[in-house]
Amino acid sequence: MRDLIRQARVTLPFEAPEALICSGVCQGCSRKLLDFLESEFDDWERRLDAGERPGLDDLSRLFQTSRKVRLILIRNGLIEEAGESS
């Protein structure tokens, strides 16, 4: 779970300036999605620190949520798909 969270924090633009995130036409609010996902990560990090052990369902649910947010960010032009280069 910590590896999933760490990888997502590195690959998704959580720290991007507001002007970059909210420019142009969006297919889903990138800022709200990033804020939601960050709160999910923060919650899980607190739970892990408290000794909770996630189950396979928990991992799957967080992975799917992260994947969906990533796909919307790709559609909104904030990140590139893996394998693409500029």
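A pocket is an open set of points, on a 1 Å grid over the protein atoms alone, where a 1.4 Å probe fits and which has protein on both sides within 12 Å along at least five of seven lines; lining residues have an atom within 4 Å of a point. The structure is a predicted model, in which local features need pLDDT of at least 70 and side-chain atom pairs count only at pLDDT 80 or more, while totals for chains, interfaces and linings use all residues. Residues are numbered from 1 along each chain as its sequence is written, and side-chain values use heavy atoms, with hydrogens and water left out.

The largest pocket is lined by Leu4, Gln7, Ala8, Thr11, Leu12, Phe63, Ser66, Arg67 and Arg70. Helix 1 (2–11) and helix 4 (56–75) each give two or more residues to this lining. Helices are DSSP runs (H or I, at least four residues), numbered from the N terminus. The pocket volume is about 180 Å³, taken as the space filled by probe spheres set on the points, with grid points joined across faces, edges and corners. Four lining residues are nonpolar, three polar and two charged. Here Ala, Val, Leu, Ile, Met, Phe, Trp, Tyr, Cys and Pro count as nonpolar, Asp, Glu, Lys and Arg as charged, and the others, Gly among them, as polar.

Leu4 lies in helix 1. Its C-alpha atom is 9.2 Å from that of Ser66, 62 residues away in sequence. Beyond four places in sequence, Leu4 touches Leu59, Leu62 and Phe63, contact meaning heavy atoms within 4.5 Å.

The largest nonpolar core comprises 19 residues, and Leu12, Phe41, Leu62 and Leu73 have the most contacts inside it. Such a core is a set of buried Ala, Val, Leu, Ile, Met, Phe, Trp, Tyr and Cys residues joined through side-chain atoms within 4.5 Å. Buried means under 20% relative accessible area, exposed over 50%, and partly exposed in between (1.4 Å probe, protein chains only). Helix 3 (30–49) contributes at least two core residues, as do helix 1 and helix 4. The largest share, five residues, comes from helix 3. Leaving aside neighbours within four places, Leu62 contacts Met1, Leu4, Ile5, Glu40, Phe41 and Trp44.

In helix 4, Asp58, Leu62, Ser66, Val69, Ile72, Leu73 and Ile74 are buried. The buried residues of helix 4 pack against helix 1 and helix 3. Just after helix 4, Gly77 takes a positive phi of about 80°.

Ser39 is found in helix 3. Ser39 is partly exposed, at 37% relative accessible area.
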